[in-house]
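Subject: Handover of a structure

Dear colleague,

Please find the structure below.

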Amino acid sequence: PHAGSPSPRRLSRMAQATRTPVATADLSDDPIENISSWFSANQKPIIYGIAAIAIAAVSIFVYRSNDASTREKASRALYVAQAPLSQGKLSEAAAALEKVANRYGSTTAGQQASLLLAHVLFDQKKFDAGIASLKKTQGSASADFAASFEGTIAAGYEAQSKFVDAAEHFGKAAALAKFPMEKGTFLSSQARALMSGGKLVEARKVWEELTKDESLPFAQEARVRLGEIVGSSK
């Protein structure tokens, strides 16, 4: 070795002295022991997480149970409310149906009660009351009943010879309808109401729309009505 250079033995001792010790006190060669240590160190967060999941699961179960219970109660209430109808007690039936509609408006039975209530009121010539009751509960109607609500409102106006108003709501019902047959039914009702209201130009547009689908039964009537409109304009 060169003069002044450390000897090999001294280099070895220096390397050993400067080597950084690795902290191995918390580690183990056993992976299972390492996992157990991790769970032990994170015990509280894990418990809180499991508790949160359990609470959420219970909440969903309770909600579904309550929802099912509400639907069952609504169905029973609707069944009872219809009993006076078979006896011709329209006023009593209307009062009972109104209670079901107001209490269970978000359920299928509640919405059926609203529609049935309107028809009962219409049968008693209480058209404005029937329309008002529908509009009152219409906001809670589901998509499955939205078209029926609009169509029934339209029928109430039509029964009062308010054809322009009827046509407006028949049009809304058609826009909300989910099936072609249902849509065609409302559109044809709208076109008839427009004709009765003297709105022949508007009626013609609707009838022309209905002639485009030959698979539906409305096309034939539409052609006849268009002939009537053309004949009346001569």
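Does Ala 129 count as buried, partly exposed or exposed? At 36% relative accessibility, Ala 129 counts as partly exposed; buried means under 20% relative accessible area, exposed over 50%, and partly exposed in between, with a 1.4 Å probe and protein chains only.

Two remarks on the source are needed. This is a predicted model, in which local features need pLDDT of at least 70 and side-chain atom pairs count only at pLDDT 80 or more, while totals for chains, interfaces and linings use all residues. Residues are numbered from 1 along each chain as its sequence is written, and side-chain values use heavy atoms, with hydrogens and water left out.

Helix α6

Ala 129 is found in helix α6. Helices (H or I, at least four residues) and strands (E, at least two) are DSSP runs, numbered from the N terminus. From C-alpha to C-alpha, Ala 129 lies 7.8 Å from Ala 118, and 11 residues separate the two in sequence. The buried residues of α6 are Phe 127, Gly 130, Ile 131, Ser 133, Leu 134 and Thr 137. They fall within an arc of 160° seen down the axis, so they line one face of the helix; the arc is that of the directions from the helix axis to the C-beta atoms. The face turned away from this buried side carries the exposed residues Asp 128 and Lys 136. Among the elements that cover the buried residues of α6 are α4, α5 and α7.

Helix α4

Helix α4 comprises 14 residues, 90-103. At 1.5 Å a residue it should span 20 Å, and its end C-alpha atoms are 20 Å apart, which agrees; the expected span is 1.5 Å times one less than the number of residues. Its buried residues are Ala 93, Ala 94, Leu 97, Val 100 and Ala 101. These cover an arc of only 130° around the axis, which puts them on the same side of α4. Ser 91, Lys 99 and Arg 103 are exposed on the other side.

The nonpolar cores

A nonpolar core is a set of buried Ala, Val, Leu, Ile, Met, Phe, Trp, Tyr and Cys residues joined through side-chain atoms within 4.5 Å. The largest one has 33 residues, of which Leu 134, Phe 149, Phe 170, Phe 186, Val 206, Trp 207 and Leu 210 touch the most other members. At least two residues of this core come from each of α5, α6, α7, α8, α9, α10 and α11. The largest share, six residues, comes from α7. A second, separate core of 13 residues includes Ala 74, Ala 101, Ala 113 and Leu 117.

Ser 188 has its place in helix α9 and counts as buried at 2% relative accessibility. Not counting residues up to four places away in sequence, Ser 188 touches Trp 207, Leu 210 and Phe 218, where contact means heavy atoms within 4.5 Å.

The structure holds one aromatic pair. The rings of Phe 122 and Phe 127 have centres 5.7 Å apart and planes at 35°, so the pair is tilted. Rings of Phe, Tyr and Trp (its six-membered ring) pair if their centres lie within 6.5 Å; planes under 30 degrees apart count as stacked, over 60 as edge-to-face and the rest as tilted. Phe 122 is buried, with a relative accessible area of 10%, and Phe 127 is buried at 16%.

Yours sincerely
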